[in-house]
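Thanks for coming. I will walk through one structure, starting with the overall picture and then going to the core and the aromatic rings.

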Amino acid sequence: MFRYFGIVGLLAVLLTTACSPERKLAHTYLKQYKGNGIMIVPLFELYKDNLTINYDTIQKYSDEQFDSIAWAQSCYMQYISDSVFLTTFTNSLINELNTIGFDVYVDGSSDLFLALPDPKWMVQIAQLQLNEKYSNDSRQAFSLTNGESYYKDFRVNQVSLDSWFEVSRANTENKQVLYLNGYIQDNLKVGIDFDVIEGRAGLLANRDSITIDDVYRMADESGQKHSELLFDYFLNDYIRENLPPGIINRQYFHFDQASKSLKRGLKERFDVVN
């Protein structure tokens with residue numbers, strides 16, 4: 001008898017969770033968001049920095065000299081076209097937002113955009129920052145004769161992208177800055193290379209290094225990722241704004257565009273910095 005009521009109680013909890021106000025509002029948004037307007041204000045300058053430079057710490061350098069050293073020593077930054085990267089990122093962002101179902105405009109078509117019914121959003125790509133970095137991947141190996149261990153460091157190159165979006169509803173002064181970070185890096189596989197004569201087990205690295213094409217591919221995939229996270233931001237903003245008085249929003253939702261399914265929790269989302 002006790003177990004029977006326990007099962008009924010659990011079912012009631014599950015039904016209550018499934019029919020929560022947040023989930024109901026999420027489903028309402030999914031039924032009505034298509035055709036909502038978004039104005040994308042593009043960016044025309046890509047910030048780039050090489051954080052891997054080596055220099056004489058005794059000598060004093062001007063900012064211009066530091067920039068020259070960083071440029072000359074970079075493996076990637078000096079070869080990346082700002083216009084290609086920005087165009088790839090922005091086009092990917094716009095195309096994915098259109099695919100999702102929004103009515104997307106770009107700066108210069110504001111009259112048509114402002115004539116759209118509310119709700120509509122202004123999204124300004126405030127800053128994109130590419131950084132070239134590296135880390136040391138330290139691996140351990142052992143001597144075959146005496147069992148002593150030794151370490152060898154392998155350099156792993158990385159290119160990261162930091163983004164800041166300024167997002168607001170049209171005709172309002174309320175603006176939030178959204179931040180996101182992502183990166184790509186060398187794919188390093190380290191194996192054991194046995195040297196029977198020397199009595200050592202050496203380390204052999206198989207490296208799949210980042211290429212410039214990979215950086216441009218990151219621009220395309222990042223544009224798509226930003227559009228998906230913008231959708232989640234709009235979805236959860238709608239939930240927050242329309243919750244009945246007295247209810248605190250404790251649930252956040254992600255809409256999987258591939259499976260068209262609504263999921264609790266956001267494994268990836270923008271950080272709201274103000």
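**Overall picture**

Take the contacts (heavy atoms within 4.5 Å) between residues at least 6 apart in sequence: in this protein, 69% of them join residues at least 24 apart. This is a predicted model, so local features need pLDDT of at least 70 and side-chain atom pairs count only at pLDDT 80 or more, while totals for chains, interfaces and linings use all residues. Residues are numbered from 1 along each chain as its sequence is written, and side-chain values use heavy atoms, with hydrogens and water left out.

The secondary structure comes to six helices and eleven strands. These are DSSP runs, with helices (H or I) of at least four residues and strands (E) of at least two, numbered from the N terminus.

Now confidence. pLDDT is the predictor's confidence in each residue, from 0 to 100; its mean here is 82, and 75% of the residues reach 70 or more. Over residues 1-17 pLDDT stays under 50, and the model has two contacts beyond four places in sequence for them.

Next, burial. Buried means under 20% relative accessible area, exposed over 50%, and partly exposed in between, with a 1.4 Å probe and protein chains only. Of the 274 residues, 39% count as buried.

A nonpolar core is a set of buried Ala, Val, Leu, Ile, Met, Phe, Trp, Tyr and Cys residues joined through side-chain atoms within 4.5 Å. The largest one has 50 residues, and Phe-85, Phe-102, Leu-130, Leu-230 and Phe-234 touch the most other members. Helix H6 (212-242) is one of the elements that supply at least two residues of this core. H6 gives the most, twelve residues.

Tyr-29 is buried at 5% relative accessible area, and Tyr-238 is buried at 15%.

Another pair is Tyr-33 and Phe-102, with ring centres 5.4 Å apart and planes at 50 degrees, so this pair is tilted. For the rule: rings of Phe, Tyr and Trp (its six-membered ring) pair if their centres lie within 6.5 Å; planes under 30 degrees apart count as stacked, over 60 as edge-to-face and the rest as tilted. Both Tyr-33 and Phe-102 are buried.
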